[in-house]
Amino acid sequence: ILRELPYQEGALLSKDSLSSLNVIAHDQLINTSLFTEVKVDTKELDSANIDIVITLKERWYFFPLPYFRWVDRNFSQWWTEQHRSLDRVNYGVNLKQSNFTGNNDRLVLGLITGYTQQAILKYSFPFIDQKLRFGTGFGFQYYTQKEINYTSLNDKQVFLKTQDVIRSGYRVNGNLSFRPNLYERHNFQIGLGKEVIADSAFLYAPKYLPTGKKSMSYVDLSYAYASLRFDYNAYPTKGNSTELALSQRIAPGAFLSALQLRKIKVMPLNKYNFIYTESNSLFKLLPNENYMDQKLLGYGTMQMNGLEYYVVEGNAATLFKAAWHHALGSITVKNPFTTAFLPQVKYQFWVKAFTNLGYVYSEHPTNASKLSNTLLRTAGIGMDIISIYDFVFKLDYSVNQLGEKGFYLHGGINF
């Protein structure tokens with residue numbers, strides 16, 4: 001807790017700065033994802049001394065949850081294009097223990113079946129030194145699949161499905177993190193793994209793997225920098241962030257270099273309105289024309305509202321997003337399951353209007369792509385619902401430059 005505060009015991013503070021420092025302390029503690037409630041108050045002892053009183057309500061840290069999640073890139077694609085097919089979901093047991101030893105460390109153990117059979121083990125420990133600046137972690141994953149997305153046609157994914165395992169692999173990684181202050185983080189990671197595809201997949205897509213063979217062993221190195229200064233990371237209403245990621249894959253005949261830069265700025269207009277802007281760019285030095293390395297728009301953070309059903313491959317992509325948000329209000333309801341641990345649940349409601357611009361450069365456009373090497377434009381309106389455990393649910397109505405219109409759902413919760 002003390003690591004997240006902008007002041008220390010015995011520090012000399014001006015009265016003018018105390019209020020803003022208490023706000024920073026509140027925001028930093030909320031963003032640890034350890035607490036459902038945080039209160040930071042000041043108690044005056046005399047004319048020259050004060051106490052800072054911090055009141056916290058902890059989250060529930062252990063979640064032995066049944067796992068159920070669609071494998072498609074977003075909920076709308078699974079619900080509409082894949083017709084809510086249960087063949088395209090992963091299910092199993094996911095054991096998550098946050099704050100495993102009381103140091104905000106996290107342990108994840110997953111045994112997943114369904115579309116992808118997976119065994120997952122992850123552990124992260126944020127601080128290993130007395131000054132609470134260095135951290136470490138590791139991960140392991142083994143997986144098999146009976147279906148792969150081996151190409152795209154008209155900017156939509158094309159799949160190959162068989163009765164037997166068509167793709168398998170494993171990956172292990174270790175990382176070292178460095179946090180010099182409240183807001184900045186540096187992360188260094190090294191990983192190694194192997195991917196194998198079956199003969200049937202190789203016949204359909206001999207360029208699926210970057211090596212042009214049925215298997216690929218690799219080592220990858222990555223560095224990530226993040227500066228986050230938000231009031232609430234899951235749904236910021238003020239603040240800014242900068243994220244930089246560099247990665248290098250080392251594999252025989254299949255070296256891949258990538259650089260990504262993402263910046264977000266959230267400007268409050270008043271208590272009920274704010275403006276959100278985001279720029280996001282990703283550049284790749286591709287080893288060849290393999291399909292796997294060319295994935296850009298529609299994956300990870302490279303998403304555009306209104307193009308949820310599409311993917312665009314290429315060498316580089318850039319996006320710009322802008323949105324106006326207005327607070328409708330909030331409601332608090334009684335918890336129907338337990339009143340001892342969490343008697344009430346609060347829901348906040350926001351409406352918004354947004355626009356997205358994007359561009360994907362492709363040196364070799366794939367299979368009648370109409371979205372690469374052209375300006376992409378979307379706009380729309382929507383409603384966001386925010387609640388405990390970083391729950392964010394978004395209902396959007398969007399239109400894109402193809403003239404297509406529709407409702408799209410997005411959501412998630414942080415256990």
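Student: Where is glutamate 308 found?

Tutor: The model is a predicted one. In this model, strand S16 covers 295–297 and strand S17 covers 312–313. Glutamate 308 is found in the loop between S16 and S17.

Student: Is glutamate 308 buried or exposed?

Tutor: A residue counts as buried when its relative accessible area is under 20%. For glutamate 308 the relative accessible area is 2%, so this residue is buried.

Student: Which side chain does the side chain of glutamate 308 join in a polar contact of 2.8 Å?

Tutor: Leaving aside neighbours within four places in sequence, glutamate 308 is in contact with Arg73, Asn74, Gln77, Tyr408 and His410. A polar atom of the glutamate 308 side chain also lies 2.7 Å from the backbone nitrogen of glycine 306. The side-chain partner at 2.8 Å is histidine 410.

Student: With which residue does aspartate 293 form a salt bridge?

Tutor: Side chains of opposite charge can pair when their charged atoms come close. For aspartate 293, the closest N and O atoms of the salt bridge are 2.7 Å apart. Aspartate 293 is in the loop between strand S15 (273–285) and S16, and its partner is in strand S13, 44 residues apart. That partner is arginine 249.

Student: Is arginine 249 buried or exposed?

Tutor: The cut-off for buried is under 20% relative accessible area. Aspartate 293, at 4% relative accessibility, counts as buried. Arginine 249 has 9% relative accessibility, so this residue too counts as buried.

Student: In which strands do aspartate 396 and lysine 352 lie?

Tutor: Aspartate 396 and lysine 352 form a salt bridge, with the closest N and O atoms 3.2 Å apart. Both residues are buried. The pair ties together parts that are 44 residues apart in sequence, because aspartate 396 lies in strand S21 (residues 391–400) and lysine 352 in strand S19 (residues 344–361).

Student: Which strand gives the most to the nonpolar patch?

Tutor: The nonpolar surface patch is about 1000 Å², and its residues include Leu109, Phe138, Tyr170 and Phe255. Strands S7 (134–145), S11 (184–197) and S12 (215–230) each supply at least two residues of the patch. With three residues, the strand that gives the most is S7.

Student: How does phenylalanine 255 count by its relative accessibility?

Tutor: Phenylalanine 255 is in the loop between strand S13 (239–250) and strand S14 (256–270). Values between the buried limit of 20% and the exposed limit of 50% are classed as partly exposed. At 47% relative accessibility, phenylalanine 255 therefore counts as partly exposed.

Conventions. Residues are numbered from 1 along each chain as its sequence is written. This is a predicted model: local features need pLDDT of at least 70, side-chain atom pairs count only at pLDDT 80 or more; totals for chains, interfaces and linings use all residues. Side-chain values use heavy atoms; hydrogens and water are left out. Patches are made of residues with over 30% relative accessible area and no salt bridge: like charges are joined within 9 Å, nonpolar side chains (Val, Leu, Ile, Met, Phe, Trp, Tyr) within 5 Å. Accessible areas come from the Shrake-Rupley method with a 1.4 Å probe; for residues, only the protein chains shown count as cover. A salt bridge is a side-chain nitrogen of Lys or Arg within 4 Å of a carboxyl oxygen of Asp or Glu. Helices (H or I, at least four residues) and strands (E, at least two) are DSSP runs, numbered from the N terminus. Buried means under 20% relative accessible area, exposed over 50%, partly exposed in between (1.4 Å probe, protein chains only). A polar contact is a pair of N or O atoms within 3.5 Å; within protein, one must be able to donate a hydrogen and the other to accept it, and residues adjacent in sequence count only if both atoms are side-chain atoms. Contact means heavy atoms within 4.5 Å.
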